[in-house]
Amino acid sequence: MNLLKSIFFGALVGFGSVMLHNFASPFGLVTSFILTYLGIRIIKDKFFYMRYQILASAAWLGVVIAAGTPGVGDEILIIGNTNGNLFLVGGFLSIIFALVKSRSRYR
């Protein structure tokens, strides 16, 4: 059950960050980075094991990749502009930072 919860929560964080990244140019992008980082940290606090964090990160990545590819009607949510590119790189880096930071011995 925790497996499905972590996948669902990761997809929810991914959806929220995709919707926020292009909202108000610098603030939405920064908010989406913070949402992504805090979402992975909440998974760590709630489920403790690294496998749930990795599954949530994979769900986030799946939602972001699906939002960045054109759909049936050629709609796309992550455009290849500066905000879209920064969102892809910065979101991935915030996930990596949250995964590495969560395993630190010194708090």
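Which residues of the largest nonpolar core touch the most other members? In this predicted model, local features need pLDDT of at least 70 and side-chain atom pairs count only at pLDDT 80 or more, whereas totals for chains, interfaces and linings use all residues. Residues are numbered from 1 along each chain as its sequence is written, and side-chain values use heavy atoms, with hydrogens and water left out.

Among the 16 residues of that core, Val 18, Ile 40, Trp 60, Val 64, Ile 78 and Phe 87 touch the most other members, a nonpolar core being a set of buried Ala, Val, Leu, Ile, Met, Phe, Trp, Tyr and Cys residues joined through side-chain atoms within 4.5 Å. At least two residues of this core come from each of helix H1 (2-20), helix H2 (25-47), H3 and H4, and H3 gives the most, with five residues; helices are DSSP runs (H or I, at least four residues), numbered from the N terminus. Apart from its neighbours within four places in sequence, Ile 40 is in contact (heavy atoms within 4.5 Å) with Gln 53, Ala 56, Ser 57, Ile 95, Ala 98 and Leu 99.

One salt bridge is counted, defined as a side-chain nitrogen of Lys or Arg within 4 Å of a carboxyl oxygen of Asp or Glu. This salt bridge joins Lys 44 to Asp 45, with the closest N and O atoms 3.9 Å apart. Lys 44 counts as buried because its relative accessibility is 6%, while Asp 45, at 57%, is exposed; buried means under 20% relative accessible area, exposed over 50% and partly exposed in between (1.4 Å probe, protein chains only).
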